[in-house]
Amino acid sequence: MSATCTRAYSLLCRFFPSMTRVRFAPSPTGDLHVGGGRTALFNWLFARKTGGTFILRIEDTDGARNTEDAKRGIEKGLRWLGLDWDEGPDAGGDCGPYFQSQRKDIYDTYLAKLEAADRVYTEDNGAVRFKFSRTAITVHDLVCGDVTFAPTEEPDMTVRRPDGSYIFHFVNVVDDIEMKMTHVFRGEDHLSNTWKHIDLFNAFGATPPIYAHIPLILNSDGSKMSKRDAGSAIEHSYINEGFLPDAVFNYLVMLGWTPRADKEVLGRDELVKLFDPAEIHSSNARFDLQKCQWFNAQYLRALSPEALFAAARPFIEAKGYVIADEATATAAVYSVKEKVSLLTEIPAWVHYFFREDYPFEADVTEKLKAKPENASLLRAAAAAFTTATEWTEASVQTAIEEAAKGAGVKPGALMPLLRGALSGQLRGPGVNTIGHLVGKDSTLRRIERALGLF
RNA sequence: GACCCCUUCGUCUAGCGGUUAGGACACAUCCCUUUCACGGAUGCGACACGAGUUCGAUUCUCGUAGGGGUCGCCA
């Protein structure tokens, strides 16, 4: 960022802290793209940081492929990420309507201004073109610094189609003027076109906003990320895959900006506090699913038992498991929280808490049958459980240890057997935790059922 | 093709003329441990290349290469 820009920016923030106005202006194409989500996120961070206004404007001038469903997809993604907008659909505001499809009169008015200034001409078929100034134009960018474009040799830019509808560059600039945007955070893919926007601002006699072009998110192989790629769509890749919004928020921020902090796991409030647009990176970043999942694991583990259960519940029920007792289910889910990094992984770790006919995995059957005396060890454990007078994690533990002692083996020899019998698998929370949570009766039934394998 | 942006471990990055080039994810080994994990410790691993400027370049300048982007009556 240039010194002039830095100064202008800090002055603006110091004296007019709540005058900043930024917007996210997506074309409603369905599921929110991560790149778009992150663009929205930086706009939101800046608005919250400066006490300004975050506006959502739907650029739906291409009526053919902009459906109501598509619009809802965008809004769902934004809401899920926690990016609330102060003006826009459902929020209202003084600069509406916030759908470009409803702003034709405004565009007509602005086109008239260009006509009056002799900056447009109509072609034979009715299309209207804007006469470029064909002077050198410098973009003062918060991220990229000053970028100067030589006088263009491109043909004049079409701003209105023969059918009367308007082109992106035109409506985008008109709306940014009308909606009084002070800053524009957008993808770097727009940098090369920004001189056209500035040319338009100048033609309207308006002051361009301060631009900040943020780097793009690439696939792990460095190619451009598009719809079908892993991690590309908020609902499909994150909501449905068991990510937590805060984790995705945190990861996405880190992909374009490194906060000055001694840790990476930072909450929204901390990120807002630390955010400095001048520190946004200038190079593209590759998407790393493993790192994103690591963030998710961190946030998962920080959840309270109740919050974790609430988040996991839909994923458990989607597998068809019936939750009869919420308190037990909550404890069951909490007992495996540090074994997973995605909510979608939880059902496979807790399914046996919700049914008695859980399958015995192959290695369990193998383990149990490996030694003939395993059956008697299980019977010894059952006997110890039967005589237990109380049923807590501690008492279950004690019963197991006593059964092992009585049978002349170490608890470690009995544990895997019991684990396999009670859960059908060789991994999971402590055996005493499983026994305690499923209850005494079920514990005995489960051992009996496992005995049937011999 | 023209123009624009970018270039530190595999990935995300710190660094802002002198550092044993630091951290995180991933990976490997060890410790902990009834399993799976968590956690802890250690290790592996980078300044794209070539010229300058300088006593000294990862850091500044130029070039080359590579990656990305833009050049629509898409947004």
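Visitor: Strands here are DSSP runs of E of at least two residues, and helices are runs of H or I of at least four, both numbered from the N terminus. Which strand is Arg21 found in?

Guide: This is a predicted model, and in it Arg21 is found in β1, which covers residues 21–24.

Visitor: Is Arg21 buried or exposed?

Guide: Arg21 counts as buried, because its relative accessibility is 13% and the cut-off for buried is under 20%.

Visitor: What is Arg21 in contact with, leaving aside neighbours within four places in sequence?

Guide: The list is Thr53, Ile55, Glu87, Cys95, Met179, Lys180, Met181, Thr182 and His183.

Visitor: Lys180 is on that list. What does Asp175 touch, not counting residues up to four places away?

Guide: Asp175 touches Arg57, Gln100, Arg103, Tyr107 and Lys180. Asp175 lies in helix α5, residues 168–178, and counts as buried at 0% relative accessibility.

Visitor: Let's zoom out. How many helices and strands are in chain A?

Guide: Chain A has 19 helices and eleven strands. Of its 454 residues, 52% count as buried.

Visitor: What is the radius of gyration of chain A, against that of a compact globule?

Guide: Chain A has 30 Å, whereas a compact globule of 454 residues would have a value near 22 Å. The C-alpha trace spans about 100 × 45 × 40 Å along its principal axes.

Visitor: And what share of the contacts join residues at least 24 apart?

Guide: Counting contacts in chain A between residues at least 6 apart in sequence, the share is 73%.

Visitor: On to helix packing. At what angle do α8 and α10 cross?

Guide: The axes of α8 (residues 245–254) and α10 (residues 289–301) cross at roughly 140° and come within 8 Å. That angle makes α8 oblique to α10, and the crossing is right-handed.

Visitor: Which residues make the contact?

Guide: From α8 they are Asp246, Ala247, Asn250, Tyr251 and Met254, and from α10 they are Lys291, Cys292, Phe295, Asn296 and Tyr299. By class, the contact has six nonpolar, two polar and two charged residues.

Visitor: Why is α8 described as largely enclosed?

Guide: Because eight of its ten residues are buried. These are Ala247, Val248, Phe249, Asn250, Tyr251, Leu252, Val253 and Met254. The buried residues of α8 pack against several elements besides α10, including α2 (34–50), α3 (68–80) and β11 (285–286).

Visitor: How do α17 and α18 pack?

Guide: Helix α17 (residues 411–423) and helix α18 (residues 431–438) pack at an angle of about 35°, with axes 9 Å apart. Their crossing is left-handed. Met415, Leu418, Arg419, Leu422 and Ser423 in α17 meet Val431, Ile434 and Gly435 in α18. Those residues divide into five nonpolar, two polar and one charged.

Visitor: What is the phi of Asp118?

Guide: It is near 60°, a positive value in a residue other than glycine. Asp118 is in the loop between α4 and β3 (120–122), and it counts as partly exposed at 49% relative accessibility.

Visitor: And the phi of Arg134?

Guide: Arg134 has a positive phi as well, near 55°. Arg134 is in the loop between β4 (128–130) and β5 (137–141), and its relative accessibility of 34% counts as partly exposed.

Note on methods: Residues are numbered from 1 along each chain as its sequence is written. Chains are lettered from A and ligands numbered from 1 in the order in which they are written. This is a predicted model: local features need pLDDT of at least 70, side-chain atom pairs count only at pLDDT 80 or more; totals for chains, interfaces and linings use all residues. Side-chain values use heavy atoms; hydrogens and water are left out. Axes are lines fitted to C-alpha atoms, for helices over the stretch in contact, and angles run from 0 to 180 degrees between N-to-C directions. Angles under 35 degrees count as roughly parallel, over 145 as roughly antiparallel, 65 to 115 as roughly perpendicular and the rest as oblique. A crossing is left-handed if the near helix is turned anticlockwise from the far one by less than a right angle, and right-handed if clockwise. Contact means heavy atoms within 4.5 Å. Ala, Val, Leu, Ile, Met, Phe, Trp, Tyr, Cys and Pro count as nonpolar, Asp, Glu, Lys and Arg as charged, and the others, Gly among them, as polar. The radius of gyration is taken over C-alpha atoms; the globule rule is 2.2 Å times the number of residues to the power 0.38. Buried means under 20% relative accessible area, exposed over 50%, partly exposed in between (1.4 Å probe, protein chains only).
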